[in-house]
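Dear colleague,

Here is the structure I promised to pass on to you, together with some notes on what turned up when I went through it. Please read the notes with the structure open beside them.

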Amino acid sequence: MTTEPDRRQFFARVVKTIQTAIAGTLGVVLGGSILSPSFLRRDEHWLPAASLSGLPENAPTSITLRLVREDGYSQIVDHRTVFLVKTGEHVIALDPTCTHLGCRVRWEAEAHELHCPCHGGVYDHLGMVKSGPPPAPLPRLATKIENDQILVQV
Amino acid sequence: MALSRVDALLDWLDSRTGWRTGRRHLLEEPIPAGVGWWFVTGSVLLLLLAVQLITGVVLAMYYVPSPEHAYDSIRYIMERLTFGRILRGLHFFGASFIVVAAVIHMVRVVALGSYKKPREVTWISGVLLLLVILGFALSGYLLPWDQKAYWATTVTINIARSGPLGEFIAGILKGGSTLGSLTLLRWYAAHVFLLPAALVGFVLAHLFLMRRHGISGALRPVPGAPKPFYPYHALKDTIAGAFVFALLITFASVFRAPLDSIADPSDANYVPRPEWYFLSLFQLLKYFPGPLEPVATIVIPGLVLGVLVLLPFLDHGPDRHFYKRPLVTGGFAIIGLSIIVLTYLGYKDTPAHANPAVWGPLPIAGAEFAKDKRCERCHVVGGAANPLVNTRLTREPAWLIAHVRDPEMIGPGLREPPPGGMNEGQARSIASYLRKVRIGAPAASVSDNVRRASIVFGRSCASCHMIDGEGGAVGPDLTRVGSRHDAAWLRPWITQPDAVDPAANMPAFGEVLNDADMTAIVSYLANRR
C-alpha cells in the first residue's frame, strides 16, 4: 500500500527529474553556444611570402603577410610578421613572438641574434634560445617552396 | 565524512542567512484542494520568461548593436556557433510562445474571476507585465537589422507620430534624425537593460502579491485539506512546463528563425509587415485612414488597455463564475474574437516576400563573372583584397558597379588595374552575387542551361532589363516574359528586333550571341511565366 510520504517522495523525484532534463537540454544548447568559439580551430592558409633566390643566407628577413581572417562576426585584415631564414635550399619561418611573455623579437644584424626588447631574451638566427628567460625556441611555421616561391602556412 | 562537512557548511549558511526557512516558505505554500491544471499557466509563463532571459544573455555575448555589424553577428550566431541556430530559435520562437502563454494566463484569470478582491493589484501588475512583454517583442525585432526589422520599425515610429505629442514620441523612439545606429542602440538598451529590469521587478511583485493573497483556487470550495505546493502542485507545473519546453525546442530545432536580407533603407519595394502578434493592430489601421488614424493607434488600444487595468473595479461583484458575469465574458469574447479576425485578415493580406536565399539569373551570372582572372589578381587569399567568395559587401551598389566597370578607381596610381573593365550588366551581376554572399545564401545549384542563360542575361540583357527585381529599368521587366511571348516570337525578336517591329529600340543580338547562347536565353525567357 502506498503511503502519503511515499507519494510525496515519488512526486518530488519526478519533479526533480523533469527539471533536471529541462535544465540539461538548455545547458547543452547554451554550453555549445558559449564554448564552441573558444575551441574552434583557426583556418590555415598557405600564403606566398618571398622568392627563395631573393633571400640572404642565414640572416632572418622580416616579412609581413596580409591575411583576411574571420574574427567572430567580422572579417579583419591580419598583418602577420614572420622571419624567413634561408639555409642552403631550405627555409624556415620563425614566429617572432618571444616564448617568455609574448613580446616581439627583433633581428640585431651586428650581433647576429634575435633580441627580445622586454626581458632580454636572446635567440640565435634559427630561433634557438641563447640566453635570458625564454623557456623554449621561437615557434616555427610550416613552409614549402613552389617554383622559387616560398609559401608559409599561417 | 565529506557529506557531514557539506551538511555542516549548509547548517552554518542557514544560521547566517535562514535559507532553509525561506525555501520552506517558497515551496510549502498551502494549496487548497481543487486547484487543477488551469492553474499551471503562470508557472509555464515563468519558465518561458526564464528561458528567454538566459538565451538572451548568451545571444548578447555575440550580438553587436550597430547597423554595420548587427546582421553579420546574427549570421555568425546562426551559422558558426555550435547550437547557435537553436539558441536563436529558442529566443525567436520563445517570444511568440510567451505572448501566447501570457494571453492564455490572462484568459484563465479572467475566466475564473481571479482578479477580484483582494487581488486587484496582482491583476494590474499582470497587465503591466503584459505591456513589458509586448515592449520586448517590439524592441526585439529591430535588432537583427534585416529588411523586416528596418521597415517594420519605420512603420512603428510613424504610427507613434499619429497621436498627441507624436513628433516628440517618434523623436525619442528614433533617437536621431533618421532611423539608424542611434535608434538601434536605444532599442537595444531598452531590450537588454530597461525591459529586463522592469520584467524582473514586475514578476517579483506579481509573485509576492500572489503569495500574499494566496492562490484564488477553484470557483467553489472543494472539500479536502490543503496540500503543500511542493511537490503536489509543482508536479503539474513541471509536467506542463516540460510539455511546452519540448514544443519550443522542437520548433527551434526544426524551423530556422527567419533572417531577411540586410536592411536596405533605399529599397522602395519592400512591403513591411510586423510579427503576427502585432498584425491585428496593423490591420486595424487600414480601417481608419487619414485623420482617423489615431482612433486605431491610440483610442481603441487605449480603451482596451483602460478596461484591462480597471477590470477588477468595473467588475467588483462577488461572483467568479463566467456564466454569472456575462458582460465581462462577452466583452472579452468580442475583444478576443476581433483580435483573431484582424490577425487573420492581416495575415491573408501579407505579401509574399522574395526569399533572399533564392538565386535569380543575375547572382548566378555574377558568381561566374567573379571567377574572372582580372578579379583574382587582387581578390585572393593573401592578396591586396579579400577573396570574393567571402567578401563582406559594405560598399553601396553604385560604388561596386563603378569599381567593376573600372577597377582603377579603387586606388588610382597605387597599383596597376587589370586591363579592361566589364559592362554594366556584368557589374550589376557581380553586385547582386556579392549581396547573396553577404547574406550567406548557399550557392545556387542550377542546370547548365540555366547557368548559360543567366550568363547571357547578365552580360547582354541586364543593363536594360530586370528579372526578379534586379537589373536595369530601361526596357520591359522580363520576370514573367514567358506569359507574354513564346520561344517562336522571342528568337527573331532578340536576333533582329526591327525586323519584327520597325519601331523597336532594342539593339540586335543575332551577331552577338552564338547559337547555343541564343537557344539558352530564348528557352529560359520563354519558361519565365
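This is a predicted model: local features need pLDDT of at least 70, side-chain atom pairs count only at pLDDT 80 or more; totals for chains, interfaces and linings use all residues.

**Where the two chains meet**

The contact between the chains takes 29 residues from chain A and 31 residues from chain B. On the side of chain A that touches chain B, the elements that give two or more residues are helix H1 (4–35) and the strands S1 (46–51), S2 (61–71) and S3 (74–87) of chain A, and among these H1(A) gives the most, with 16 residues. Sorted by class, the residues on this side of chain A comprise 18 nonpolar, nine polar and two charged.

Chain B has a mean pLDDT of 90, with 97% of its residues reaching 70 or more. Within chain B, confidence is highest in helix H3 (residues 41–60), at a mean of 97, and lowest in helix H16 (residues 397–405), at a mean of 81.

**The cores of chain B**

The largest nonpolar core holds 76 residues, of which B:Leu48, B:Leu87, B:Ile98 and B:Trp145 touch the most other members. Helix H5 (residues 84–111) of chain B gives the most to this core, with 13 residues. If neighbours within four places in sequence are left aside, B:Ile98 is in contact with B:Leu45, B:Leu48, B:Leu49, B:Gln52 and B:Ile133. There is also a second, separate core of 32 residues, which includes B:Phe369, B:Val456, B:Ile494 and B:Tyr524.

**Helices of chain B**

In helix H11 (residues 276–286) of chain B, the residues B:Tyr277, B:Phe278, B:Leu279, B:Ser280, B:Leu281, B:Phe282 and B:Gln283 are buried. The buried residues of H11(B) pack against H5, helix H6 (120–140), helix H12 (293–314) and helix H13 (326–348) of chain B.

Elsewhere in chain B, the axes of helix H14 (residues 361–369) and helix H18 (residues 448–461) come within 8 Å and cross at roughly 90°, which means that H14(B) is roughly perpendicular to H18(B). On the H14(B) side the contact is made by B:Pro361, B:Leu362, B:Ile364, B:Ala365, B:Gly366, B:Glu368 and B:Phe369, and on the H18(B) side by B:Arg451, B:Ala453, B:Ser454, B:Ile455, B:Phe457 and B:Gly458. By class, this contact of H14(B) with H18(B) has eight nonpolar, three polar and two charged residues. One of its residues, B:Phe369, is also included in the second core.

With best wishes

Terms used:
Residues are numbered from 1 along each chain as its sequence is written. Chains are lettered from A and ligands numbered from 1 in the order in which they are written. A nonpolar core is a set of buried Ala, Val, Leu, Ile, Met, Phe, Trp, Tyr and Cys residues joined through C-beta atoms within 7 Å. A residue is buried if 20 or more other C-beta atoms lie within 10 Å of its own, exposed if 12 or fewer, and partly exposed in between; C-beta atoms are placed from the backbone. Helices (H or I, at least four residues) and strands (E, at least two) are DSSP runs, numbered from the N terminus. Two residues are in contact if their C-beta atoms, placed from the backbone, lie within 7 Å. Ala, Val, Leu, Ile, Met, Phe, Trp, Tyr, Cys and Pro count as nonpolar, Asp, Glu, Lys and Arg as charged, and the others, Gly among them, as polar. pLDDT is the predictor's confidence in each residue, from 0 to 100. Axes are lines fitted to C-alpha atoms, for helices over the stretch in contact, and angles run from 0 to 180 degrees between N-to-C directions. Angles under 35 degrees count as roughly parallel, over 145 as roughly antiparallel, 65 to 115 as roughly perpendicular and the rest as oblique.
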